[in-house]
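Here is a short briefing for a first look at this structure. Keep the sequence and the 3D view side by side as you read.

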Amino acid sequence: MSSENLPQSPEKQLRKPRVAVVFGGRSSEHGISVVTAGAVLRAIDRTKYDVLPIGITTDGRWALTADDPERMAITDRRTPTVDELAESPEGGVVLPVDPGSREVVYSEPGSVPKALGEVDVVFPVLHGPYGEDGTLQGLLELSGIPYVGAGVLASAVGQDKEYMKRVFTSFGLPVGPYLVVRPREWEQDEKSARQRIADFAGEHGWPLFIKPSRAGSSFGITKVDSFEGLDEAIAEARRHDPKFLVESLLRGREIECGVLEFEDGPRASVPAEIPPVTAHEFYDFEAKYIDSAAGIVPAPIGDEATAEVQRLAVAAFEATSCEGLVRADFFLQDDGEFVINEINTMPGFTPISMYPRMWQESGVEYADLVDKLIQAALRRPTGLR
């Protein structure tokens with residue numbers, strides 16, 4: 001019998017649903033995940049849900065943390081860490097691997113493990129590898145615990161820019177020119193890989209963007225204007241991921257669109273435009289999170305273009321079998337055609353992030369957005385669906 005069909009005790013029927021907010025993680029986006037978690041914790045309706053904050057340290061330890069959103073904000077251009085919030089430097093939280101039980105346990109060296117009670121749903125706000133890439137989602141599937149957002153496959157596809165683009169192409173969605181260099185090719189035949197990059201530059205021209213295939217928040221991305229900067233750019237990308245992409249410059253306006261799962265299916269928000277950021281080469285990490293380069297919501301692109309980007313955003317959501325939420329990023333080219341750049345299955349989620357701002361302009365306030373995501377997860381069983 002699956003966990004969702006198990007009979008509930010009278011105590012469980014009476015109590016509020018318990019939400020475990022899981023954040024931090026081992027990726028380079030650790031700090032942004034903590035900031036996002038602070039915003040989500042602040043927004044969850046405590047009269048409707050019980051909350052259990054669980055942070056994952058940069059070395060992978062699951063820690064019980066303080067439920068203190070004020071300590072989870074960017075301060076002096078610095079993002080917080082789970083280690084600063086953990087209630088113990090050694091204690092760890094363990095999720096059940098028995099789908100018949102959702103009991104979470106906390107233990108410290110030399111102490112008797114302590115039951116923290118059952119968890120009804122997990123709200124994972126991890127960004128990047130080891131959290132947004134299907135790994136955490138797989139653990140939750142094994143545990144039989146419902147969770148917010150995309151499942152295993154969609155999370156993995158949404159994290160890997162190569163396979164994301166391959167899926168988009170197979171569904172007829174327009175993508176820009178790109179080249180993939182995989183680890184074995186670079187390590188065994190670097191000369192051939194460099195020649196492919198040179199041929200790509202000859203065909204599409206400079207500048208090029210060198211990107212880690214499986215990173216986010218614009219970490220590891222470098223815009224290069226000639227061969228002179230290529231080695232440093234590749235080294236920076238490979239510092240985040242041994243597989244990297246080479247992309248040509250797409251000239252046009254940067255447009256984003258949010259997708260949210262309602263009871264009757266996914267719907268698209270009003271789109272936003274990311275204007276050129278004069279203090280940065282492109283819309284990088286510093287521009288997004290530190291200098292708060294603001295987007296324009298709604299994007300002033302006209303009704304016809306708005307309807308088209310909304311259609312494409314939902315199509316990308318469906319093509320990758322996403323659930324819960326997605327932010328889809330596009331370029332609106334000078335000829336009026338859209339090209340999809342990527343999707344984010346767990347986009348930046350602070351109240352000033354683009355995804356919540358687009359939904360606010362679409363009539364869904366931040367707290368209601370958080371609630372809709374939790375409710376969608378509670379309706380959705382684990383397992384094949």
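**Around helix α12**

The cover over the buried residues of α12 includes β12 (252–262), β13 (265–268), β14 (272–274), β15 (325–333) and α13 (366–379). Cover here means contact, that is, heavy atoms within 4.5 Å. This is a predicted model: local features need pLDDT of at least 70, side-chain atom pairs count only at pLDDT 80 or more, and totals for chains, interfaces and linings use all residues. Residues are numbered from 1 along each chain as its sequence is written, and side-chain values use heavy atoms, leaving out hydrogens and water.

- Helix α12 covers residues 354–361, and its buried residues are Met-354, Tyr-355, Pro-356, Met-358 and Trp-359.
- Buried means under 20% relative accessible area, exposed means over 50%, and partly exposed is in between (1.4 Å probe, protein chains only).
- Just after α12, Gly-363 has a positive phi of about 100°.

**Overall build**

- The protein chain holds 13 helices and 16 strands. Both are DSSP runs, numbered from the N terminus: helices are H or I with at least four residues, strands are E with at least two.
- The protein chain is as compact as a globular protein of 385 residues, because its radius of gyration is 21 Å, close to the 21 Å from the globule rule. That radius is taken over C-alpha atoms, and the rule is 2.2 Å times the number of residues to the power 0.38.
- The C-alpha trace spans about 70 × 50 × 45 Å along its principal axes.
- Of the 385 residues in the protein chain, 54% are buried.
- Take the contacts between residues at least 6 apart in sequence: 66% of them join residues at least 24 apart.

**Confidence**

- The average pLDDT of the protein chain is 91, and 92% of the residues score at least 70. This score is the predictor's confidence in each residue, from 0 to 100.
- Residues 1–7 have pLDDT below 50; beyond near neighbours in sequence, this stretch has 10 contacts in the model.

**Cis peptide bonds**

- Trp-206 and Pro-207 are joined by a cis peptide bond, with omega about 0°. Pro-207 sits in the loop between α8 (190–204) and β9 (208–212).
- Val-297 and Pro-298 are also joined by a cis peptide bond, with omega about -5°. Pro-298 sits in the loop between α10 (285–290) and α11 (302–319).

**Positive phi outside glycine**

- Arg-77 has a positive phi near 65°. Its loop runs between β3 (62–64) and α3 (82–85). Arg-77 counts as exposed, because its relative accessibility is 53%.
- Ser-321 has a positive phi near 55°. Its loop runs between α11 and β15. Ser-321 counts as partly exposed, because its relative accessibility is 44%.
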